[in-house]
Amino acid sequence: MSQKSDYFFVTIKQVYPNFAKPSEMDVEIWEEVLEPYSVETIRRGIKSYRKNVDTGFAPTPAKFREYLYAPAEPKRNQKPELPLCPEKYLMEADIKAGRCRHFFPTYARAVAYVIDVKVREVAKPEDYLMMSRMARYRFAVDNGLFADFERVLDQVYKVEG
């Protein structure tokens, strides 16, 4: 028996005193079920089963699997999510900073310019053609193409004229 199955059987016996030691085949099944989980996760599963199932009988491997869940691992090296509407986000940031001099349509055209024109200048042509708008937006952010956004706003405003 493994350490995890030993822990499980000892704990289950404490919680359900009428629990009989399983057969050799059942022990193998339990070991397979418990293998991917830590002892702490198994303990939480036993507590959760005890709280939610009112039969007075120890769980079967198939039933107990529903109560085993590992806490979500924190995602590492994941890029932060981008605002869904960059135009709105940039305009609100400018309003808060007290430097908003343009209306929303100008922001929309400036963002479109960065995403469509500036990204096309920097990205490989075959990559650009395969990118969705969101992928172009991510590319623009990752490559600092919004760094001179105030200049782009002024340029777009002058062209609108």
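**Cavity and salt bridges in a predicted model**

Modeller: The largest cavity has a volume of about 40 Å³. The model is predicted.

Biologist: What makes this space a cavity and not a pocket?

Modeller: A 1.4 Å probe fits in a cavity but cannot get out, whereas a pocket is an open set. The structure holds one cavity of 30 Å³ or more.

Biologist: Which residues line the largest cavity?

Modeller: D94, R99, R101, H102, Y107, E150, L153 and D154 line the largest cavity. Helix α9, residues 149-160, gives the most to this lining, with three residues.

Biologist: How do the residues of the lining divide into nonpolar, polar and charged?

Modeller: Two are nonpolar, one is polar and five are charged. Asp, Glu and Arg count as charged, and Tyr and Leu as nonpolar.

Biologist: Why is the contact between R99 and E150 called a salt bridge?

Modeller: The closest N and O atoms of R99 and E150 are 3.3 Å apart. The cut-off is a side-chain nitrogen of Lys or Arg within 4 Å of a carboxyl oxygen of Asp or Glu, so the pair qualifies.

Biologist: What makes R99 and E150 partly exposed?

Modeller: Partly exposed lies between buried, under 20%, and exposed, over 50%. R99 has 39% relative accessibility and therefore counts as partly exposed. E150, also at 39%, counts as partly exposed.

Biologist: How do you know that R101 and D154 form a salt bridge?

Modeller: Their closest N and O atoms are 2.5 Å apart, and the limit is 4 Å. This pair links distant parts of the chain, with R101 in the loop between α5 and α6 and D154 in helix α9, 53 residues apart.

Biologist: What separates K88 and E92 in helix α5?

Modeller: K88 and E92 are four residues apart in helix α5 (residues 86-97), so about one helical turn separates them. Their side chains meet in a salt bridge at 3.8 Å, N to O, and the definition asks for within 4 Å. K88, at 46% relative accessibility, counts as partly exposed, and so does E92, at 37%.

Biologist: How many salt bridges does the structure hold?

Modeller: The structure holds 12 salt bridges.

Notes
Residues are numbered from 1 along each chain as its sequence is written. This is a predicted model: local features need pLDDT of at least 70, side-chain atom pairs count only at pLDDT 80 or more; totals for chains, interfaces and linings use all residues. Side-chain values use heavy atoms; hydrogens and water are left out. On a 1 Å grid over the protein atoms alone, a cavity is a set of points where a 1.4 Å probe fits but cannot get out, and a pocket is an open set with protein on both sides within 12 Å along at least five of seven lines; lining residues have an atom within 4 Å of a point. Grid points are joined across faces, edges and corners, and a volume is the space filled by probe spheres set on the points. Helices (H or I, at least four residues) and strands (E, at least two) are DSSP runs, numbered from the N terminus. Buried means under 20% relative accessible area, exposed over 50%, partly exposed in between (1.4 Å probe, protein chains only).
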